[in-house]
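Here are my notes for anyone opening this one for the first time. Have a look at the picture, then go through the points in order.

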Amino acid sequence: MYRVALTAPDDFDGWRGAARRLAAHDIDPADIVWQIGSDASDLFGDRPPPPERPEAAFTVPRAFVDLAQTATLHRAPERFALLYEQLRRIRSQRGAMDDSASPLLRRIDMLAKAVRRDMHKMRAFVRFREMPESEGSRYVAWFEPDHHIVRANAGFFVRRFTTMRWSILTPELSLHWDGDTLNEGPGASRGDAPQDDPVEAIWKGYYAAIFNPARLKTGAMLSEMPRKYWRNLPEAALIPQLVAGAQAREAAMIAATPRSPADDSPERNSVRAWQRLRDEAMGCTRCPLHRDATQTIFGEGPVDAPLVFVGEQPGDQEDLAGRPFVGPAGQLFDQALDAAGVDRARAYVTNAVKHFKHERRGKRRIHQTPDAGEVQACRWWLTQELSLVRPRLIVALGATAARAVLGKAVTISRTRGRPIALEDGTEAWVTVHPSYLLRLPDEAKRAEERARFVEELRTIGDRMKAAT
Ligand code: URA
């Protein structure tokens, strides 16, 4: 029997080193015991992993490394054994990572998905409470993750709250950031964190302001956001009243999507498919942008909208609010739509890239344009959104959106103002991005460009009305 002692429940490097050596010696999974810590290794005949065998070294696809790194964080004790088994398959079987029917791969995928969801929940539901200290305030949060995700999530909180001094306490591990260095401490208990502070009033106000009824799923709120998270959320006190009001508001929003009364009608099924897609996108790690962003900003609007607007990526305010086009560019966009007589509520509004790409300068988060690789990685979501909504017209706002919609780079000035037939028969239009108008320094030029933008939106609105 080979006994592998990993240093911690999230010791991916330890697992990888041992797994490579064991696989190079072709050791059977049944002959390996994976354990955390080294204390129990007194069984007769126990052996440590065999030595390196450079001649039997082999490479594994990047996709497996990423998957294994995530699945390792799951709480299931069998995760190390499952990953080892998959590693052996990769070694002996071409395309072992592409075998979507493989129950083993599906099981590992499910572990990784649960981990991603948990990481997302931690990012979304950690709430800091102020604690005075001699050096100034420290912000302390209590969080109970389902899996071993705390260390893996630390980088996110460091980047997001760089200038704050904070601690995140969890039952297994504590993180302490002093503005410069991240330290780890032992696990804590809920009573170690402060229970409320004056910042709560701000959270409550913010939450009420960004509360989006279209995102509310009461059932899911209880199953996916168990009450254990509510306990730590100051805004949870508002949930019952917001839920009550939201049901009426949601009904009004969904009314924009005509549907037959049957529960399994195609319309209702596509709403469900869209909800599943959006939920999946919430845990997206297809490119590195998810690491620094607060959350995925998915598209919104009627799932059978005849018109889709595609922007570039969420900005600072969208990243916090959880909705596309609500910041300064969104406000200009709303005014232009109004002026053009186009009803935003009848359109589906989304972005080419679903995470906010930015660079931190002091306390500010400065927008950065996504690169071609990031647009390509995110095109996967856009393509699925478009195939669910099946609009008559798609409007690309700016060059990044045009690249995502048309699949190639184009020059806005040469492409705007005329319909472009896409392969599936949809009509695409390209125009400027609203933030281009915000950035124009010359007032007269700004007014001229704004009028041109409104005229283009009017033409598009007329084509939509003619087509529906
Ligand atoms: N700019 C975009 O392209 N999309 C948004 O959602 C906000 C600003």
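1. Start with the aromatic cluster made up of Phe12, Trp15, Trp34, Phe64, Phe80 and Tyr84. Rings of Phe, Tyr and Trp (its six-membered ring) pair if their centres lie within 6.5 Å; planes under 30 degrees apart are stacked, over 60 edge-to-face, and the rest tilted. That rule gives 14 aromatic pairs.

2. A word on the model: it is predicted, so to speak of local features takes pLDDT of at least 70 and side-chain atom pairs count only at pLDDT 80 or more, while totals for chains, interfaces and linings use all residues. Residues are numbered from 1 along each chain as its sequence is written, and side-chain values use heavy atoms, with hydrogens and water left out.

3. Phe157 is buried at 1% relative accessibility, whereas Phe161 is partly exposed at 23% (buried is under 20% relative accessible area, exposed over 50%, partly exposed in between, with a 1.4 Å probe and protein chains only). Arg160 also lies over the face of Phe161, 5.5 Å from the ring centre. For such a charge, NZ of Lys or CZ of Arg must be within 6 Å of the ring centre and within 35 degrees of the ring normal.

4. Helices (H or I, at least four residues) and strands (E, at least two) are DSSP runs, numbered from the N terminus. Phe309 is buried at 1%, and Phe333 is buried at 0%.

5. Both belong to the largest nonpolar core, of 58 residues, and are among the members touching the most others, along with Phe298, Leu307, Val310, Val405 and Phe453. Helix H13 (residues 372-389) supplies the largest share of this core, seven residues. A nonpolar core is a set of buried Ala, Val, Leu, Ile, Met, Phe, Trp, Tyr and Cys residues joined through side-chain atoms within 4.5 Å.

6. Phe325, at about 50 degrees, is in the loop between helix H11 (316-321) and helix H12 (328-340), but is buried at 5%.
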